[in-house]
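Me: I have a structure open and have not looked at one like this before. Can you take me through it?

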Amino acid sequence: MTRVHIQDLSIRFGHHEVIQHLDLDVHSGEFLVLLGPSGCGKSTLLHTIAGLNPVSGGSIHIGEQDATHAEPSQRGVGMVFQSYALYPNMTVRENLAFPLKMAKTPPAELDRRVAAAADMLQLGPLLQRRPGQLSGGQRQRVAIGRAIVREAKVLLLDEPLSNLDAKLRTDLRRELKTLHQRLGNTMIYVTHDQVEAMTLATRIVVMHQGVIQQIGTPAEVYDRPKNLRVAGFVGSPA
Ligand code: ADP
Ligand code: MG
């Protein structure tokens with residue numbers, strides 16, 4: 001069971017306080033969506049949970065661990081970035097296996113995990129191809145696969161579908177939901193797309209300029225917005 005507990009978190013770049021005294025309790029196994037306009041601090045928050053940004057104040061607990069200052073590789077989180085950043089000279093299989101090689105996973109276990117990820121993401125027929133021979137949607141599936149092979153209890157996804165066309169977005173959204181049901185892990189998913197948030201989330205966190213405006217189920221946030229910022233962002237565009 002892995003809960004992510006963030007207390008009084010501040011993140012500054014120089015004098016710019018991007019995240020201000022943020023408290024957030026991500027429940028074990030939920031699909032939490034961070035929703036807000038571009039520049040509100042969603043990626044910064046996600047990177048900080050992953051350990052890619054230093055913390056200016058406050059704490060982050062991941063499961064039982066105080067991860068506030070832990071190395072990224074020691075946090076038990078997997079991360080999927082907006083641009084997939086696959087290794088172009090490796091096959092799909094090698095891309096999937098790479099994080100496990102780095103972690104010195106024994107070969108039999110490595111094979112098992114790569115096969116499981118390939119199966120879940122329908123990558124079986126593509127294992128010998130290189131990223132240049134894949135479509136955008138297939139590449140993003142490999143990126144997601146690379147994040148799940150380590151069987152991290154917490155998966156962080158930063159606008160993973162935003163570079164894809166509408167049809168692929170709908171397909172992959174459905175796959176992500178199924179994946180979450182199968183893995184049962186804790187998902188923290190960043191988007192600026194309201195529809196994506198509504199269809200994927202167990203709970204939505206609406207952010208504005210580094211401050212949480214409201215946390216609730218999609219229905220709560222949509223039907224009972226707490227303030228005009230939430231209403232303006234989540235409600236109809238009218
Ligand atoms: P979002 O993901 O919601 O679009 P970001 O977290 O990327 O927003 O950015 C939030 C704010 O933090 C922006 O004003 C951005 O310019 C600033 N910012 C992000 N990363 C850095 C950095 N490494 N150095 C300085 N400013 C940054
Ligand atoms: Mg971002």
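Me: How do helix 2 and helix 3 pack, at what angle and how far apart are their axes?
Reply: In this predicted model, helix 2 (residues 92–102) and helix 3 (residues 107–120) pack at about 130°, with axes 10 Å apart. Helices are DSSP runs of H or I, at least four residues, and strands are runs of E, at least two, numbered from the N terminus. Axes are lines fitted to C-alpha atoms over the stretch in contact, and angles run from 0 to 180 degrees between N-to-C directions.

Me: Which residues make the contact?
Reply: Arg93, Leu96, Ala97 and Leu100 of helix 2 meet Leu110, Arg113, Val114, Ala117 and Ala118 of helix 3. Contact means C-beta atoms, placed from the backbone, within 7 Å.

Me: Which numbering is that, and what are the limits?
Reply: Residues count from 1 along each chain as its sequence is written, with chains lettered from A and ligands numbered from 1 in the order written. As the model is predicted, local features need pLDDT of at least 70 and side-chain atom pairs 80 or more, while totals for chains, interfaces and linings use all residues.

Me: How many helices and strands does the protein have?
Reply: Eight helices and 10 strands. The radius of gyration, over C-alpha atoms, is 18 Å, close to the 18 Å from the globule rule (2.2 Å times the number of residues to the power 0.38) for 238 residues, so the protein is as compact as a globular protein of that length.

Me: What box do the C-alpha atoms fill?
Reply: Roughly 50 × 40 × 35 Å, along the principal axes.

Me: What share of the contacts is between residues 24 or more positions apart?
Reply: 66% of the contacts with a separation of 6 or more.

Note on methods:
Contact = placed C-beta atoms within 7 Å.
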